[in-house]
Structure formats: C-alpha cells, structure tokens
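Here are my notes on the model. Please read them with the structure open.

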Amino acid sequence: MGLRKGDTGAGRAGAGSAAASMAAGGEGHTRAAIVQLLLEEGPITATAIGSRLGLAPAGVRRHLDALIDSGQARASRSAPWQQKGRGRPAKQYQLTAAGRGTLGHAYDDLAGAAIRQLGEIGGDQAITDFARKRARTIVAGIEPAAAHTPEEIEAKAEEIAEAFTAAGFAAATREVGAGVQICQHHCPVSHVAEEFPQLCAAELEAFRELLGTHVQRLATIANGDCACTTHVPLLVPPTVRKKTSPHPAAQPAAVRTNDSGRSAE
C-alpha cells in the first residue's frame, strides 16, 4: 500500500481517530495513537506518522522501536515504486498479529446485541436456556461428585476450575477455612454479563449440579470485583432424620398413613 501525499478517506479517518486518542496527552496516549495509525493505515513510514500526529520523527521512531522490541510491530523497506527521491528506501511499519491481538474487539457489542435479539424473540426464558447451555458446554465431560466427602468435593472443584481455565477464565481453587473457593481471575464475557446476569447465574447452577452441595457467589467481575469467587463448603451437614421405632413392623398401618409426611405432599 503506497503513501500518497493527497490520500483522503481512510487515511484522514485514521489520522482523526489516532489524534483523538492523544487528546489527554502522555506517553501512553502517544503510543496508543501510533498503534491506531499502524492499524488503520499501515504499512506507514515514521515520517508520515509524525506528520499526521504532529510529532518529531525521532520521537515516533522511539515508540516504533519499543513496539518492535515487544513483537507488536515490524518494519520493512518500501518497494522501489513507493520510493520518492533518491537514497535508501524508507522503512514502513505495520502491526504484527501479536500487536493486533492486544487491541480491543467489538465481540462484546456483537454478543450483547445477539442476546438482546434472542430475548426479544424468546423472552427471558430463552436467555436463561442459552446461558445454561453455555455453562454446561464449558463443564461438559465432568461427572457429578460421587460422594460428599471433603476430598471428593475438593477434587471436583479443581476439575471445574481446570475446565473454566480452558475456556479463558483463568480459574484456580484455594482452601479457605472449612471450604474451598473457585476463583475466576478473568471473565471473557464480563461486559455482557453486566447486562445479562443469567450468564453468572447459570455458571453457579452448573457448580451446584456437579458438586451436589450448596455453593455461594462472593464476588463477580461483572459487578466490579477483581475476580469471580465462589465458596464451596467441604463439610456437608448430616441429613436430619426422624427417629423411628426399633420395631417398625409393630407399628399399625393407621400410624403410617397419618404420618405428618403426607401433609407435605
């Protein structure tokens, strides 16, 4: 892609958005503005970047060198047909795949719009069903806890954390008092979950189904906390049972049919 003095359209739009990112000033904003130009107009020369942003070429090259050192940008010589005047062809800079990967995406906006449309078509239940299916897909292959022992519950919580880590949640477990906590240090859908709490509720429901015990959410990234934290008790309280006669066969049938349990049916 050649650089032409009279470029308009995309080039002008790129310069405008990059300059806007510098409005607050500072090294970080300058670096961000340069990255924006590399994204929208690269390959581009350091001189062209400086001209668009009102920066000295030496300052631009300093930022470009830092981006190259971090693997976010690369430089290549201009093709002969792009060269103006005599001398060595000027270097042109552009983002690498790694550099593009550090930029924000519109995935959250797209996902939010899709779920809103789903709600308009099928109502809240459709959103809840979608959230449940998504959560169960993450933990697919994990069997429910076979026994309610501390060792079994802790091992199952670790399996859940590994499954969520594989899905991009950076999850881990840690023992706290008489329980264990599942901590998700990242949430790839946090911005969407702010609008649709069904996503968080479905995760918690999946935890309960697999662990076979009550679990409690202590914090969520969607609510502004630094991590999603779920507490899982390791000591399951024993089931309270009614005392029965040591000779149940001697009990008359009338006593059984009038048992208070019938009123609870």
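Is F164 buried or exposed? The points below start there.

1. F164 is buried, with a relative accessible area of 1%. Buried means under 20% relative accessible area, exposed over 50%, and partly exposed in between (1.4 Å probe, protein chains only).

2. Some ground rules. This is a predicted model: local features need pLDDT of at least 70, side-chain atom pairs count only at pLDDT 80 or more, and totals for chains, interfaces and linings use all residues. Residues are numbered from 1 along each chain as its sequence is written, and side-chain values use heavy atoms, with hydrogens and water left out.

3. Rings of Phe, Tyr and Trp (its six-membered ring) pair if their centres lie within 6.5 Å; planes under 30 degrees apart are stacked, over 60 edge-to-face, the rest tilted. The count comes to two aromatic pairs. F164 and F169 have ring centres 5.1 Å apart and planes at 70°, so they pair edge-to-face. F169 is buried too.

4. F164 also pairs edge-to-face with F207, at 5.4 Å centre to centre and 75° between the planes. This pair links distant parts of the chain: F164 lies in helix α7 (residues 150-166), F207 in helix α9 (residues 198-211), 43 residues apart. Helices (H or I, at least four residues) are DSSP runs, numbered from the N terminus. F207 is buried, at 0% relative accessible area.

5. Now helix α2 (residues 27-41). Its buried residues are T30, A33, I34, V35, L37, L38 and E41. Residues three or four places apart point the same way, because an α-helix has 3.6 residues a turn.

Technical notes. Helix = DSSP H or I, 4+ residues; strand = E, 2+ residues; numbered from the N terminus. Expected span 1.5 Å × (residues − 1).
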